[in-house]
Amino acid sequence: MTFASIVDWNALLETVIASVVAGLGIVTAFSIAIYGAARFAEGRRVGAPFEAGVAATLTVFALLVCAGAIVAGIVAMASE
Amino acid sequence: MGDDVVLVIVVATALAFDFTNGFHDTANVVATSISTRAMSPRLAVGYAAVLNFGGAFISLEVAATVAEDVVEQGAITPTVVFAGLIGAISWNLITWYYGLPSSSSHALIGGVIGSTIAAVGTGAVIADGVVGEVLVPAVVAPIVAFLIGAAAILVAYRIVGRQRPGTVVRGFRLGQIASGGLLALAHGTNDAQKTMGVITLALVANGTLAEGAGVPFWVVVSAAAAIALGTYTGGWRIIRTMGMRIHKMDAAQGFSAQGAGAAVILSSSYFGFPLSTTQVISGGVVGAGAGKRLSAVRWGVAGNIVVAWLLTLPAAAAIGAATYGVTRVFGTGAVGPVIVAAAAVALIAVAFARRARAGAPVPAG
């Protein structure tokens with residue numbers, strides 16, 4: 001039996017890909033949410049309601065992506 | 001009767017290991033949240049304990065790997081499992097004493113392998129399972145967490161770098177409450193299962209369960225409770241190492257490290273790799289530091305942690321094997337496990353008393 005056949009490389013590769021996508025995806029989405037929140041606060045401070053509205057929408061959308069990713073992760077684990 | 005006494009001792013020892021697992025690994029879950037002041041220490045460990053408990057009910061994939069793919073079920077006895085657990089507990093307490101975040105998972109697997117070899121030789125160790133499902137993922141996972149942590153902090157700084165610091169820090173602290181919770185859930189899912197796997201192994205060895213049987217519900221509940229209690233008790237020495245000694249973290253780094261760690265642990269649990277949460281979180285923490293600036297990381301501390309990782313499996317195996325040898329001096333009945341368990345409890349009490357006298361860090365808040 002060779003080393004290559006002992007390790008389930010497909011499962012390992014899928015684990016790595018899932019980890020990278022989930023880890024980077026959540027941090028990126030949450031950073032965008034914070035960016036939107038900061039721009040929303042700035043828009044309100046300088047009296048730019050349209051910009052503030054766009055920023056708020058961006059924040060809500062990014063937070064929904066984060067929440068969706070977390071729920072998807074838990075559901076995927078629970079289904080094993 | 002004697003067999004049942006041994007089984008009761010094994011189950012109690014497994015739950016004691018689970019407690020030390022939670023106690024030892026609290027740092028993985030809460031250190032970054034505490035060091036960035038996202039949560040107070042007491043709130044952080046309470047929150048982690050509750051989610052550890054819940055996480056233990058999510059999946060049993062890792063428990064199956066520990067119970068079936070490390071050693072041959074038919075070749076081991078409850079005494080072998082007992083000796084392996086003593087090996088794991090001993091290594092956990094030694095590394096806790098020195099404040100080193102080593103792997104409870106590898107201590108457990110090493111302890112069981114060592115006692116199995118001492119009892120029946122190397123033939124009962126499933127080398128393919130150990131290499132393919134434990135050792136290779138153990139090398140890959142912390143490297144992946146390191147790279148994700150480093151890349152994630154670069155992305156985060158790139159996106160929020162020019163915004164007002166107050167909003168950014170508050171935002172990432174709030175995010176850490178969620179990412180810390182996810183990490184606690186992942187820790188409960190991954191680590192409580194290892195104890196479930198070992199108890200299942202003992203029940204099979206005793207003839208209480210058939211080979212290949214699933215994990216009984218009472219095993220799931222008791223393992224979840226033990227790890228949650230250990231987490232709530234909190235291993236403050238390791239929290240200090242993980243949260244402050246590797247590098248001084250800001251909230252964005254804490255969030256990136258936790259996000260990277262949770263992603264790797266949850267993905268691995270899904271595919272049934274029983275990896276070390278400690279190694280993964282340490283990888284994420286070092287990555288989040290190195291991504292900002294290489295010199296921000298205290299590489300000496302990181303090096304000590306890596307040395308502890310390398311020693312964990314063989315050291316726990318050696319203690320497990322020695323424990324099995326001592327137990328067998330008293331014959332094959334319950335006397336050996338009873339005497340060794342009593343000696344272990346006495347040694348643990350002495351270690352805690354010495355550490356308390358030396359002045360263990362006390363949490364504020």
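**Note on the two-chain helical model**

1. Helix 5 of chain B is mostly covered, with 15 of its 17 residues counted as buried. In this predicted model, the helix runs over residues 104-120 and reaches 24 Å from its first C-alpha to its last, close to the 24 Å expected at 1.5 Å a residue. Just after helix 5 of chain B comes Gly121(B), which takes a positive phi of about 90 degrees.

2. The fold of chain B as a whole may be set beside that detail. Chain B has 13 helices and zero strands, and its radius of gyration is 20 Å, which agrees with the value near 21 Å that a compact globule of 365 residues would have. The C-alpha trace of chain B spans about 70 × 45 × 35 Å along its principal axes. Buried residues make up 63% of the 365 residues in this chain, and of the contacts in chain B with a separation of 6 or more, 90% are accounted for by residues 24 or more positions apart.

3. Helix 11 of chain B, residues 277-292, also deserves a look. Helix 11 has 16 residues and reaches 23 Å from its first C-alpha to its last, close to the 22 Å expected at 1.5 Å a residue; it is mostly covered, 16 of its 16 residues being buried.

4. The packing of helix 11 of chain B against helix 10 (residues 251-271) of chain B can be described in some detail. The two helices pack at an angle of about 140 degrees, with their axes 8 Å apart, and helix 10 of chain B passes helix 11 of chain B in a right-handed crossing. On the helix 10 side the residues in contact include Ala257(B), Ala260(B), Gly261(B) and Val264(B), while on the helix 11 side they include Ile281(B), Gly284(B), Val285(B) and Ala288(B). Taken over both helices, the residues of this contact divide into eight nonpolar, seven polar and one charged.

5. Most residues other than glycine have a negative phi. Arg37(B), although it is not a glycine, has a positive phi of about 65 degrees. Arg37(B) lies in the loop between helix 1 (2-35) and helix 2 (41-55) of chain B, and it is partly exposed, with 13 other C-beta atoms within 10 Å.

6. Chain A is described next. There are three helices and zero strands in chain A, and its radius of gyration is 19 Å, well over the 12 Å that the globule rule gives for 80 residues, so chain A is more spread out than a compact globule. The C-alpha atoms of chain A fill a box of roughly 70 × 25 × 10 Å along the principal axes. Of the 80 residues of chain A, 34% count as buried, and residues 24 or more positions apart account for 53% of the contacts in this chain with a separation of 6 or more.

Definitions and conventions
Residues are numbered from 1 along each chain as its sequence is written. Chains are lettered from A and ligands numbered from 1 in the order in which they are written. This is a predicted model: local features need pLDDT of at least 70, side-chain atom pairs count only at pLDDT 80 or more; totals for chains, interfaces and linings use all residues. Helices (H or I, at least four residues) and strands (E, at least two) are DSSP runs, numbered from the N terminus. The radius of gyration is taken over C-alpha atoms; the globule rule is 2.2 Å times the number of residues to the power 0.38. A residue is buried if 20 or more other C-beta atoms lie within 10 Å of its own, exposed if 12 or fewer, and partly exposed in between; C-beta atoms are placed from the backbone. Two residues are in contact if their C-beta atoms, placed from the backbone, lie within 7 Å. The expected span of a helix is 1.5 Å times one less than its number of residues. Axes are lines fitted to C-alpha atoms, for helices over the stretch in contact, and angles run from 0 to 180 degrees between N-to-C directions. A crossing is left-handed if the near helix is turned anticlockwise from the far one by less than a right angle, and right-handed if clockwise. Ala, Val, Leu, Ile, Met, Phe, Trp, Tyr, Cys and Pro count as nonpolar, Asp, Glu, Lys and Arg as charged, and the others, Gly among them, as polar.
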